[in-house]
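Keep the picture open beside you as you read.

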Protein chains: 2
Amino acid sequence: MPQSFHPPQRMLLGPGPSDVSPRVLEAMARPTIGHLDPQFVAMMDELKSMLQYALRTKNALTLPVSAPGSAGMETAFVNLVEPGDTVIVCQNGVFGGRMKENVERCGATPAMVEDEWGQPVDPQKLEDALKAHPEARTVAFVQAETSTGAESDTRTLVEIAHRHDCLAIVDAVTALGGTPIETDAWGIDAIYSGSQKCLSCTPGLSPVSFSEAAIARIRARTHKVQSWFLDLNLVMGYWGQGAKRAYHHTAPINALYGLHESLVMLQEEGLENAWARHRSNHIALRDGLEAMGLSFIVATDYRLPQLNAVRVPAGVDEAAVRAALLTDYSIEIGAGLGPLAGQIWRIGLMGYASNPRNVYVLLGALESILAAQGYKLTRGDALAAAQAAHAAQTDAPKAAVND
Amino acid sequence: MPQSFHPPQRMLLGPGPSDVSPRVLEAMARPTIGHLDPQFVAMMDELKSMLQYALRTKNALTLPVSAPGSAGMETAFVNLVEPGDTVIVCQNGVFGGRMKENVERCGATPAMVEDEWGQPVDPQKLEDALKAHPEARTVAFVQAETSTGAESDTRTLVEIAHRHDCLAIVDAVTALGGTPIETDAWGIDAIYSGSQKCLSCTPGLSPVSFSEAAIARIRARTHKVQSWFLDLNLVMGYWGQGAKRAYHHTAPINALYGLHESLVMLQEEGLENAWARHRSNHIALRDGLEAMGLSFIVATDYRLPQLNAVRVPAGVDEAAVRAALLTDYSIEIGAGLGPLAGQIWRIGLMGYASNPRNVYVLLGALESILAAQGYKLTRGDALAAAQAAHAAQTDAPKAAVND
């Protein structure tokens with residue numbers, strides 16, 4: 001007969017899920033209450049206003065979808081896209097490809113703007129695509145490509161989309177909490193994220209937010225939203241402000257406790273401090289890795305602090321390195337996907353996991369494993385470089401709240 | 001600044017979510033690990049085989065969808081229904097209506113078999129509808145209508161569907177774990193449930209299972225499944241047996257720990273014992289309520305043990321009774337929906353919450369509140385009747401594992 005499952009204690013330094021704060025885990029274990037309980041409804045209002053804080057928005061339609069980030073993506077597409085539409089999809093990694101799939105399944109036509117994996121989306125190519133497709137009503141792109149560690153310039157891309165009378169859908173799954181996002185100031189029309197990256201919560205929820213222009217489009221639809229579960233016309237009835245809630249589906253109560261707690265922690269730390277912390281630990285990691293002779297696939301200007309895509313050196317067995325990290329150190333890092341499979345490691349320093357302790361442990365473990373594989377390096381240089389980087393950033397926060 | 005949320009300790013005796021075992025809550029607070037971690041993959045295999053146990057099936061395609069029961073319903077429809085199909089939908093409550101919505105959003109035509117709320121689905125009406133719609137390929141109905149507490153005869157309805165060359169989709173959200181379901185023996189083609197009812201887990205996951213005939217239909221589809229997130233062709237790649245897993249979406253790791261633990265508890269208790277326990281506590285509750293002069297809207301033969309729809313007596317303010325239960329006793333029961341709004345209370349004794357303690361507390365609280373409203377009854381009769389009913393069922397299990 002199966003027994004209770006006791007997972008190992010990992011350090012999650014891959015592309016996500018990332019380490020979850022014990023405060024969040026403890027919150028999830030609190031007693032379940034009903035999804036229409038007045039106390040739960042009050043918690044929902046707090047959760048919504050904390051999501052608005054994290055996303056820098058006043059959008060009334062801001063809520064966590066009751067499913068992982070992929071469902072958040074689908075929420076954006078099935079609500080904003082109608083059959084026959086043309087949607088400009090910018091692809092520079094895995095998740096742009098998934099957007100294309102979403103567009104097609106909505107009965108719409110994707111017009112692709114392709115950039116190399118590891119590059120940001122090229123604004124000029126978007127401009128050209130919009131000129132070539134004056135019928136397009138929507139532009140979609142990923143701010144922080146989890147598959148490559150490259151960041152695109154959301155502000156510029158949204159501005160171009162608007163100039164061509166398009167709404168802009170932005171994937172912020174890996175971005176939110178780790179790198180600046182200004183939903184309102186940049187005019188983003190639809191944004192979705194995930195709970196399990198820089199928010200330090202468990203996977204399973206997808207914060208989303210929609211502008212007034214997006215809501216107007218949803219209300220003006222001529223076809224019903226193809227998903228009942230993700231139809232925002234219905235979801236809004238439950239997540240609307242105040243005490244009057246219409247039952248739609250049973251909310252994932254305890255998961256929402258966890259997200260609430262993670263957002264309380266984000267407010268305690270301060271959003272700008274969280275961004276600065278991700279940056280400072282990234283710089284320490286970068287200096288350590290470069291001291292080992294390793295390099296990044298993304299140019300400095302577009303490099304995400306929370307997701308480091310590192311080139312696997314010639315002669316090194318990348319899978320063996322990941323296996324040794326997991327087996328000998330209980331550290332998880334990620335492999336490359338698609339054209340980058342076998343070429344890179346993806347090292348995440350996301351949310352609660354972005355701290356000096358993890359930087360030093362990872363550098364020490366990676367150095368040992370590479371040395372055992374015969375990769376030539378001087379022991380200790382990486383750690384010294386990371387320490388120096390941390391020391392040089394005198395004003396930058398390094399550890400999260402309660403870390 | 002928002003503070004951590006500390007929910008009250010409720011007794012959840014409504015239509016769900018129901019009380020969650022402390023073992024499940026504790027499991028959910030264990031450390032998050034990666035969704036491709038070998039130890040997580042091993043847990044997934046166990047989880048799958050325990051779901052097969054709970055659903056009485058050998059179906060290889062048995063897994064928990066990463067979202068609530070409504071998404072489980074949508075998974076069944078978007079994968080099995082194609083545009084232009086006719087689907088016979090049996091409606092005798094809220095959830096048949098939701099099935100109709102799903103069918104329409106798949107671009108198919110629902111042919112409705114209507115029964116009064118509180119009645120089971122009439123097999124003769126299904127037979128007639130199938131004769132009137134020889135083009136139909138699918139039949140869908142709810143085994144345990146959460147909105148009314150009526151149970152339909154799944155075995156007979158599936159047999160009729162098959163005789164007319166249709167696949168049968170069965171909603172088992174409230175049924176699973178509380179009342180017999182024989183997925184294989186009854187030939188069910190697609191079944192979905194929820195984690196938060198008789199499985200004593202938190203809301204947010206939807207166990208589903210599909211027969212070989214259902215898989216054959218999915219593979220033979222001429223249109224892509226309209227939902228990327230719920231496309232079983234893709235989900236199967238992650239939930240397939242063994243170590244080879246293709247990344248689809250990030251699984252809700254900690255929620256799955258909880259479901260795993262709840263299924264371990266179900267195996268420890270034994271599925272038949274769980275059914276018998278739900279039955280024995282239902283009988284005690286029924287005798288207590290009847291001693292108070294209350295009555296059920298569902299006839300004895302079709303009455304679900306886990307969901308008791310009780311008529312609100314004339315002159316009683318039903319909302320005030322629910323409010324007093326919540327405020328004075330921290331007990332949640334449910335209101336009526338649709339045509340039954342204001343007419344009934346829905347009292348759940350589901351999963352971990354189905355025990356003599358809850359029966360006695362609820363009867364005592366309800367009796368006090370009704371007396372305060374001027375409803376005429378003899379104090380203590382209800383408790384005595386429930387005690388007598390429990391005492392008479394000498395062989396029936398009354399409490400769950402670790403209760």
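## A parallel pair in chain B

In this predicted model, strand β3 (residues 86–91) of chain B runs parallel to strand β4 (residues 109–114) of chain B, and six bridges join the two. To find one of these bridges yourself, look for B:Thr86, whose bridge partner in β4(B) is B:Thr109.

What lies along the path between these strands? Helix α4 (residues 94–105) of chain B does: together, β3(B), this helix and β4(B) make a right-handed β-α-β unit.

## An antiparallel sheet in chain A

Now turn to chain A. Strands of a sheet can pair in either a parallel or an antiparallel way, through backbone hydrogen bonds. Here you can see an open sheet of three strands in the order β11-β14-β13 (chain A), with antiparallel pairing. Which strands sit at the edges? They are β11 (307–311) and β13 (334–335) of chain A, each of which pairs on one side only.

Zoom in on β13(A) and you will find two bridges joining it to strand β14 (residues 344–348) of chain A, with the two running antiparallel. A:Gly334, for example, has A:Arg346 in β14(A) as its bridge partner.

## Where the two chains meet

How many residues does each chain bring to the contact? Chain B gives 70 residues and chain A gives 70 residues. The size of an interface is often expressed as the accessible area that is lost when the parts come together. Between chain B and chain A, about 6,100 Å² is buried, and carbon and sulfur atoms give 61% of this area. On the chain B side, B:Phe5, B:Arg105 and B:Trp228 lose the most area to chain A, together making up 13% of what that side buries.

## Charges and polar contacts across the interface

There are eight salt bridges between chain B and chain A. You can look for a salt bridge between the side chains of A:Lys224 and B:Glu101, at 3.2 Å from N to O.

Which elements of chain B give two or more residues to the side that touches chain A? They are α1 (22–28), α2 (38–55), α3 (69–80), α4 and α9 (253–269) of chain B. Of these, α9(B) gives the most, with eight residues. The residues on this side of chain B divide into 32 nonpolar, 23 polar and 15 charged.

Conventions: Residues are numbered from 1 along each chain as its sequence is written. Chains are lettered from A and ligands numbered from 1 in the order in which they are written. This is a predicted model: local features need pLDDT of at least 70, side-chain atom pairs count only at pLDDT 80 or more; totals for chains, interfaces and linings use all residues. Side-chain values use heavy atoms; hydrogens and water are left out. Two strands pair if DSSP finds at least two bridges between them. Helices (H or I, at least four residues) and strands (E, at least two) are DSSP runs, numbered from the N terminus. A crossover is right-handed if, with the strands pointing away from the viewer, the path from the first strand over the helix to the second runs clockwise. Contact means heavy atoms within 4.5 Å. Buried area is the accessible area (1.4 Å probe) that two parts lose on being put together, summed over both. A salt bridge is a side-chain nitrogen of Lys or Arg within 4 Å of a carboxyl oxygen of Asp or Glu. Ala, Val, Leu, Ile, Met, Phe, Trp, Tyr, Cys and Pro count as nonpolar, Asp, Glu, Lys and Arg as charged, and the others, Gly among them, as polar.
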